[in-house]
Amino acid sequence: MLVNLIAHTNDPEKTVAAAAKLCYSDAHIETLLEGLTPEKTAAFLQKLSDFGHASPIEHASFTFGIEGVSRTFLAQVTRHRIASFSVQSQRYVRLEDFRYVIPPEIECIPEARAKFIEAMNLDAAKYLELVKSLEDAHTARLMAEGLDEKKARAKASKQANEDARFVLPNACETKMVMTMNCRSLINFFNLRCCNRAQWEIRAVADEMLRLVLPLAPHIFAQAGPRCLTGPCPEGAMCCGKMAEVRDKYAKLKEEALQNG
């Protein structure tokens, strides 16, 4: 799994502070950024936090490049609707180099790992066999309809990919570009940094938090699972490890700020 921050709003905290300033003063648009020192910016952001006024933080966004994750991860992350996603297509990209993600609980059991890899190798072989069968059949049909072989093969290739992908497993690797504004990111961290989140999306969330914190330390000061700032909201499903979780994120944030 690899997460890169590939773009973000320029000076995200100042941008948010400018929006907040407009809400609470008679400032004019042309002078909105004037006088926004780091101290005043921090003060505006603290005011937003104290008031629970979250809409101004939507004006800053971050764009991530994510790869080495599974289609299982994709199914979960796209449930976060206030975000933008561009995902490598299995319709247009043929998986000649079939890669997959092995869950840690399978990786650490030799017998389970061997069975998993055997299943992945079989899936890869069946996928390529199906691609070839479909492509050959579609090419013959299209040539019979009047296309020359080169054009028929090119069109048939895409049609073959479209249907052959149905045999690919959830473990199959994918990659994407994802953009979220700060408000959506905080919600994402609340839900996906939690111990009850699935391991893969939790690992991605942790890495995303490491990347954004140095750029917007006031906005993301309390970011993480909800138990960092109050009682666990999971009720009977609580992991029971609140002290460990708080210690983990205190260290993660300290390291992120030092290295940022």
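1. Start with helix 7 and helix 8. Their axes come within 9 Å and cross at roughly 140 degrees; axes here are lines fitted to C-alpha atoms, for helices over the stretch in contact, and angles run from 0 to 180 degrees between N-to-C directions. That makes helix 7 oblique to helix 8, given that angles under 35 degrees count as roughly parallel, over 145 as roughly antiparallel, 65 to 115 as roughly perpendicular and the rest as oblique. Helix 7 passes helix 8 in a left-handed crossing (left-handed if the near helix is turned anticlockwise from the far one by less than a right angle, right-handed if clockwise).

2. A word on what you're looking at. This is a predicted model, where local features need pLDDT of at least 70 and side-chain atom pairs count only at pLDDT 80 or more, while totals for chains, interfaces and linings use all residues. Residues are numbered from 1 along each chain as its sequence is written, and side-chain values use heavy atoms, with hydrogens and water left out. Helices (H or I, at least four residues) and strands (E, at least two) are DSSP runs, numbered from the N terminus.

3. Who touches whom between helix 7 and helix 8? From helix 7 come Leu-185, Phe-188, Phe-189 and Arg-192, and from helix 8 Ile-201, Arg-202, Ala-205, Met-208, Leu-209 and Val-212; contact means heavy atoms within 4.5 Å. By class, that contact has eight nonpolar, no polar and two charged residues. For the classes, Ala, Val, Leu, Ile, Met, Phe, Trp, Tyr, Cys and Pro count as nonpolar, Asp, Glu, Lys and Arg as charged, and the others, Gly among them, as polar.

4. Going through the pairings, strand 1 and strand 2 (residues 61-70) are joined by six bridges, and Val-3 has Ile-66 in strand 2 as its bridge partner. Strand 2 pairs with strand 4 over nine bridges, again antiparallel. Strand 3 and strand 4 are joined by four bridges. Have a look at Val-177 in strand 4: it is the bridge partner of Gly-65 and also of Ser-86.

5. Next, aromatics. A search of the whole structure finds five aromatic pairs, where rings of Phe, Tyr and Trp (its six-membered ring) pair if their centres lie within 6.5 Å, and planes under 30 degrees apart count as stacked, over 60 as edge-to-face and the rest as tilted. One of them is Phe-189 with Phe-220, edge-to-face at 6.0 Å centre to centre with 75 degrees between the planes. This pair links distant parts of the chain, 31 residues apart: Phe-189 is in helix 7, and Phe-220 is in the loop between helix 8 and helix 9 (242-259).

6. Helix 1 (residues 12-24) and helix 2 (residues 38-51) pack at about 65 degrees, with their axes 9 Å apart. That makes helix 1 roughly perpendicular to helix 2. The crossing is left-handed. Among the residues that meet are Val-16, Ala-17 and Ala-20 in helix 1 and Phe-44, Leu-45 and Leu-48 in helix 2. The whole contact divides into eight nonpolar, one polar and four charged residues.

7. Finally, helix 5 (residues 110-144) and helix 6 (residues 149-164) pack at about 140 degrees with their axes 7 Å apart, and are therefore oblique to each other. Is their crossing left-handed or right-handed? Right-handed. Residues in the contact include Tyr-127, Leu-130 and Leu-134 in helix 5 and Ala-152, Ala-156 and Ala-160 in helix 6. By class, the residues of this contact are ten nonpolar, five polar and seven charged.

Methods: Pairing = 2+ DSSP bridges.
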